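I opened the model to look up a few residues. My notes follow.

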Amino acid sequence: QYPTDLARARELFAAAGVPEGTEFVLMQEAGDEKLKTATQLLQANLAEVGMTLTIETLDLATINGVIY
């Protein structure tokens, strides 16, 4: 349905000052399979443009402790 344009994605990241090789960390709540699938898809998409996404699956109390 939506075309993948890796060249355009790289351009947009570069314009935003995000260089290839950037590493991201994403915290997500354990137990949500739909969220897990979505974050794995994001991880794969970022890998295609040379970036790394580390997914940390944590319980909600730990996430709240990090944020607040």
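I started with Glu33, which sits in helix H2, residues 33-48. Helices here are DSSP runs of H or I with at least four residues, strands are E runs of at least two, and both are numbered from the N terminus. This is a predicted model, so local features need pLDDT of at least 70 and side-chain atom pairs count only at pLDDT 80 or more, while totals for chains, interfaces and linings use all residues. Residues are numbered from 1 along each chain as its sequence is written, and side-chain values use heavy atoms, with hydrogens and water left out.

Is Glu33 buried or exposed? I noted it as exposed, because its relative accessible area is 51%. The cut-offs are under 20% for buried, over 50% for exposed, and partly exposed in between (1.4 Å probe, protein chains only).

Next I checked Gln28, in strand E1, residues 23-29. Gln28 is buried, because its relative accessible area is 4%. Which side chains does the Gln28 side chain contact? I found a polar contact with the side chain of Thr39 at 2.6 Å. A second one, of 3.3 Å, joins Gln28 to the side chain of Thr57. A polar contact is a pair of N or O atoms within 3.5 Å; within protein, one must be able to donate a hydrogen and the other to accept it, and residues adjacent in sequence count only if both atoms are side-chain atoms.

I logged Ala30 as partly exposed, because its relative accessible area is 41%.
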